[in-house]
Amino acid sequence: MPDQDSGVPLGKIYPRNLTARADHVVRGNPAGSRPESGVDNCYPGLEFDQRNLDKAFFPGLVVEFHRPDGARIVALTGGGPAPAQGLTAADLPLDIWAVCGRTTVDQGEEAAPTIGCDDRNGLEVWRAVHDLLPGTVALLIGPGPGITSPGSDPVRGDLNGFRRRGTSILQRAPDGSVQVGVLVADRARYLDDDGVIEPEAYEPGELTRSLCAPWQYDFRDCGCFYWAASKPDIVTSADGLHADLNFQRRDRVSDPPPKDGPRLAGRRELELDYHELIADWGVLPVVLNDREGESRPAPAHPGVEPLTPEQVADELAYLATVEHALCVQYLFAHYSLDAPMRLPAGADSRTRRVYAAAQEIFGIAIDEMRHLRWANEALGVLGRAPVLGRAETIHRQLRTPFSLQPLTPRQLDWFIEVERPSQASGGGIDGMYVRLHAALTGDPDAFPEADRLAHLIKLIIDEGADHFRRFTAVKTHLAGLSEAEYLRRLDHKPAPGLDTSLLDLADQNYALLLDALRATFALGDAAGGLLIEQSRRAMFNLHETHHALSARGVAPRFTLPLDPVLEAGDSGTELRRRVAELGGPEQREAMLRQEADAQTLIAALQDRAGG
């Protein structure tokens with residue numbers, strides 16, 4: 001209910017963060033500026049490096065954590081306890097020897113832990129600092145990496161005692177140099193009163209200065225557990241005589257080469273540093289089966305004849321129709337599985353298994369839609385109009401006609417065969433793209449934006465390998481279940497009434513989606529955010545309608561439209577009204593939402609057509 005004086009609803013939440021105040025995507029802002037888009041990867045980081053934020057965790061100090069030997073105070077910014085103790089820039093650098101403060105909410109003041117920083121690298125110290133809760137913090141500092149234990153003679157007592165009393169001290173040697181000190185203050189705030197990262201504490205670019213860019217930073221810092229198989233760590237020499245070698249070793253001429261060290265510090269001393277890796281990454285050889293090889297260009301694909309840009313465009317136009325057809329076939333297979341659109345709480349084991357299989361197939365269908373987009377993006381680079389047709393024959397070698405089939409074991413095996421990875425030109429759908437990739441990389445000067453084209457096609461090739469793995473996982477999910485246990489019985493001749501109206505509406509949604517995609521592909525980078533978002537909603541509405549049909553035992557048709565919706569002048573309003581009248585509350589709610597989405601999309605399409 002509104003406040004009598006202001007008219008503002010009671011309990012309304014006012015966003016303090018400036019990014020949160022933008023309740024829509026602001027043109028020009030990167031996706032990472034939206035809180036819901038954050039990947040929360042903070043070391044070294046994909047959005048910002050958390051260590052760079054924590055460098056100002058203690059008032060008046062700038063702390064450097066990007067070190068192998070602990071954390072170091074590298075600058076004073078004024079304020080805090082340092083000036084009162086006579087600490088100046090001439091005393092720096094100083095190292096953090098210990099940190100004391102509460103790290104969990106259930107700790108009392110008397111139980112605040114003290115973390116010694118001796119024999120810790122910068123990342124380990126940062127993790128301790130990152131865990132500190134707001135409140136009073138005490139630092140034990142001194143020259144050089146940490147060499148004393150907390151509470152030893154230099155501070156004459158427990159570090160937490162200094163923290164609780166709020167007592168800071170600084171001891172100097174006869175020559176005036178700092179011997180040891182304790183600084184106590186409240187943990188610094190990172191945000192100003194508007195919820196914005198404090199501009200007085202952080203200069204522009206500071207939070208992102210050590211991100212995984214260029215890629216060599218991430219490549220050097222992250223082991224194989226992060227980079228998976230694309231990043232070797234321990235290798236065998238090219239001649240096979242020497243094992244347990246550090247792949248990133250600096251010394252690549254000694255015979256025998258130096259062995260890899262058992263400790264992180266020893267390994268880092270052997271490796272190329274960031275600057276060397278950025279400048280000389282080409283010295284790192286290709287590794288196959290854990291064995292180094294000689295660096296050499298990728299071999300030419302045998303039997304691949306050069307292709308002209310026109311021939312590549314013709315092939316891409318066909319492959320775009322294949323991606324469309326595969327997407328539809330995969331979606332139909334998804335709807336043929338006896339699985340709900342959303343998994344209910346308390347679902348039994350059979351339902352969970354079938355649902356897992358259905359989600360794998362749905363994810364692959366979404367990827368195929370993305371492949372359709374990439375193929376059309378490549379066609380745009382080559383000066384061709386968008387292609388939204390649907391292939392009548394899948395895979396030129398097998399010449400399998402397009403058909404909508406339930407996910408029987410035979411159909412699943414065919415899907416696996418279609419997506420089987422191929423490095424041979426022409427072998428499988430993947431191999432057809434390999435042929436195009438070979439042509440582009442073999443004669444890049446013949447193609448406009450050859451690097452961009454090769455990148456787009458390589459994306460499709462790489463995702464195809466993942467599809468093979470995921471279809472194999474589907475077989476695992478369904479193992480031991482009979483067709484009667486996991487397949488729906490779908491009728492291709494529905495009864496008049498709600499079923500027929502839902503079918504007609506599904507076809508209308510399909511036509512509207514193709515219109516939206518055609519406009520989006522034609523506009524390319526100029527496609528407005530509204531049109532792209534409404535295209536996504538059109539996909540969801542089509543998916544929702546097909547799930548409603550299959551749950552009622554009706555097979556989706558995926559009827560190709562004869563005319564674009566704009567030219568036909570039918571947005572499907574009458575169909576949605578009929579479904580709302582014939583269906584229950586769930587259908588009525590869905591139709592209201594779909595009508596709003598359809599009208600917004602029609603308006604966006606008309607606006608782009610008029611512009």
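**Close-up 1. The loop between E8 and E9, with Asp 244 and Ile 234.** Asp 244 counts as partly exposed because its relative accessibility is 45% (buried is under 20% relative accessible area, exposed over 50%, partly exposed in between; 1.4 Å probe, protein chains only). This is a predicted model, in which local features need pLDDT of at least 70, side-chain atom pairs count only at pLDDT 80 or more, and totals for chains, interfaces and linings use all residues. Residues are numbered from 1 along each chain as its sequence is written, and side-chain values use heavy atoms, with hydrogens and water left out. Asp 244 lies in the loop between E8 and E9. Its phi is near 60°, a positive value in a residue other than glycine. Ile 234 belongs to strand E8, residues 234-235 (helices, H or I with at least four residues, and strands, E with at least two, are DSSP runs numbered from the N terminus). Ile 234 is partly exposed, at 35% relative accessibility. Twelve residues along the chain from Ile 234 comes Asn 246, and the two C-alpha atoms are separated by 5.1 Å.

**Close-up 2. Glu 449 in the loop between H12 and H13.** Helix H12 covers 428-442 and helix H13 covers 450-478. Glu 449 is not a glycine, yet its phi is positive, about 50°. Its relative accessibility is 45%, so Glu 449 counts as partly exposed.

Close-up 3. Pro 93 sits in the loop between strand E2 (72-76) and strand E3 (94-100). Pro 256 is placed in the loop between strand E9 (245-246) and helix H7 (264-270).

**Close-up 4. Aromatic rings and a charge over a ring.** The whole structure holds seven aromatic pairs (rings of Phe, Tyr and Trp, the last by its six-membered ring, pair if their centres lie within 6.5 Å; planes under 30 degrees apart count as stacked, over 60 as edge-to-face and the rest as tilted). Phe 57 and Phe 65 form a tilted pair, 6.5 Å centre to centre with 40° between the planes. Phe 57 and Phe 65 are both buried. Elsewhere, Tyr 330, Trp 414, Phe 415 and Phe 471 make up one aromatic cluster. The charged end of Arg 165 sits over the ring of Phe 162, 5.1 Å from the ring centre (NZ of Lys or CZ of Arg must be within 6 Å of the ring centre and within 35 degrees of the ring normal).

**Close-up 5. Helix H9 against helix H10.** The axes of H9 (residues 309-336) and H10 (residues 349-381) come within 8 Å and cross at roughly 160° (axes are lines fitted to C-alpha atoms, for helices over the stretch in contact; angles run from 0 to 180 degrees between N-to-C directions). H9 and H10 are therefore roughly antiparallel (over 145 degrees; under 35 is roughly parallel, 65 to 115 roughly perpendicular, the rest oblique). Residues of the H9 contact with H10 divide into 18 nonpolar, five polar and two charged (Ala, Val, Leu, Ile, Met, Phe, Trp, Tyr, Cys and Pro count as nonpolar, Asp, Glu, Lys and Arg as charged, and the others, Gly among them, as polar).

**Close-up 6. Leu 512 in helix H15.** H15 spans residues 498-523. Leu 512 is buried, with a relative accessible area of 6%. Its C-alpha atom is separated by 8.7 Å from that of Ser 535, 23 residues apart along the chain.
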